[in-house]
Amino acid sequence: MKKYVLIALAAALVLFAAVRFAGRAPSEERSASAPPLPWEAAGEGELKEFALVAGRARLELRPGLETDAYAYNGSVPGPEIRVRAGDRLRIAFTNALDVPTTVHWHGIRVPAEMDGVPGVSQEPVPPGGSFLYEFVAPDDGTFFYHSHVAVDEQVDMGLYGPLIVEPREGTGLREIVLALDDWLLDARGNRLPTSATEEERPVDNELDTVSAASVRAVSGGHMMGHGGMMMGSMGHGGMMMHDLAPELNGRFGNVLAVNGRAGSGIAPVSLARGERVLLRFINASNAMTHALKTSDGRPLAIIAVDGAPLRDPLVTDRLVLPPAKRFDVVVEAGDAAGAWSLDSAESGRVLRIPFEVSSEIVETAPFPSRPERADAKLSPERTLELAVALDDPMRPARWTVNGRSFDMDRMNEALASYPRGARVRLRFVNASPMAHQMHLHGHSAVVRTRGGQVVSNQRPEDVVVVRAGETVEADVLLDNPGDWVVHCHNLEHEEHGLMAVLRVGR
Ligand code: C2O
Ligand code: CU
């Protein structure tokens, strides 16, 4: 008798669960032993609504230099989306371009069906189509949004914008967002193909246009693969990346820009005496690692990378920003009025971001402190090796992960599948002569070792730099169900197959 009561009870429970979950997104179903979903821990914020339209625009980089761009809401970068941790974002997206596109919320731990990856998580939004993105932003930090379709063209032409998630209690500082980019243009502002030769890339007498050779010097960090804020010499030795076809190598521009402006088009950032500000850097370049140095040696305190706070702020006068990475940097205006700048570190002239300290005096705000994120401590149960190399034997001139090249136009089999809650050590083995900026969607990974050495200042990152010939181990808690891509954020590498899918169960 008792047995039947139990069966009836079980049936009722199943029915209850079925009713309860009917109409909910599949990722909100709960399996018994799995950890909470990333956004469940965030607490209740507000609903914030936005409208984004992707369309064509004409961008004036500086007086006398205009180019055809793709833009969100008519501007490059797109409008700043600013919320607080735990807020729910509802973004009505419309595609007014004549090509399909999607929006990806880079670094935000969103549900898979909001992640915007064609062939994996979303059908591309056709020309004239629309899509409603809705998700909670669980973590505070500096993020960005960008197209995930034909990225070497669409992001290159301007489809990116800042997404800032403030801590609930705010940062207490005035904030300045600096989105770095580079454009490859002829003297009249027409976009040049990635394969443009040195002779086809004009260098004019403005400080913002540079030769391919000096770009190579600046981007030595890419080739030699600086690990984000790891300092050291750049552009010396190592293997030469120009041995590769430009399409496989990466698109390096001749016009360097910040917030959609270049050279004389860049307005100085004004500061008051005594002011302490937060600079939020985003590198939106296709392939270029930007290296910036303060003109007067003034210290910059890096307090967060990829949105996650550093245990110990890193004080330096020089920033090395690989593609897709974000650095939060505290800088002080000092006591004296005057001017200083952030300059491209190697040549000193290809990008200059001027700062002006006025004579107005303000009280210095306290140095911000933010708690370390909980996921900084996880310990892995198993290892997945991801070997990055050139050339699929079936398809030459492609990048590969474990011998396979990704293709956006077909369904791509998952490289590995895990139950939700799996703690995995990702071992990136770079057998190629270039650095890669490996980006994992829906999660952040904590770099533990680099070239066999234990890394100091470990914290979650969504872009893991793996230098030429190097092996890097990074631990991740796979707590977000769905299919997630892991790919190189050099946009030419990404479009030439350097991408794989990890599957996380419900
Ligand atoms: Cu910032 Cu898959 O991208
Ligand atoms: Cu790469």
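**Entry 1: a cysteine to start with.** I looked up Cys488 and found it buried, at 0% relative accessibility. I keep in mind that this is a predicted model.

**Entry 2: the copper ion.** Which protein atoms are donors of the copper ion (ligand 2)? I noted His436 through ND1, Cys488 through SG and His493 through ND1, lying 1.9 to 2.1 Å from the ion. Along the sequence I read the spacing of these donor residues as H-x51-C-x4-H. His436 belongs to strand S25 (residues 436–440) and Cys488 to strand S31 (residues 482–488), so this pair ties together parts that are 52 residues apart in sequence. I checked His436 too, and it is buried, with a relative accessible area of 0%.

**Entry 3: aromatic rings.** I found eight aromatic pairs. One of them joins Trp105 and Phe135, a tilted pair with 5.3 Å centre to centre and 45° between the planes. Trp105 sits in strand S5 (residues 104–106) and Phe135 in strand S6 (residues 130–136), so the pair ties together parts 30 residues apart in sequence. Trp105 is buried at 0% relative accessible area, and Phe135 is buried at 1%. Next I looked at Phe131 and Tyr133: their ring centres are 4.5 Å apart and their planes at 55°, so this pair is tilted. Here Phe131 is partly exposed, at 26%, whereas Tyr133 is buried, at 0%.

**Entry 4: the whole protein.** I noted six helices and 32 strands. Of the 506 residues, 58% are buried. The protein exposes about 19800 Å², with carbon and sulfur atoms supplying 54% of it.

Methods
Residues numbered from 1 in each chain as written. Chains lettered and ligands numbered in written order. Predicted model: local features only at pLDDT ≥ 70, side-chain atom pairs only at ≥ 80, totals over all residues. Heavy atoms only, no water. Donors = N, O, S within 2.8 Å, 3.2 Å for Na, K, Ca; no water. Helix = DSSP H or I, 4+ residues; strand = E, 2+ residues; numbered from the N terminus. Buried < 20%, exposed > 50% of the residue type's maximum accessible area, 1.4 Å probe, protein only. Areas by Shrake-Rupley, 256 points an atom, 1.4 Å probe, with all protein chains shown as cover. Phe/Tyr/Trp six-rings, centres within 6.5 Å; stacked < 30°, edge-to-face > 60°.
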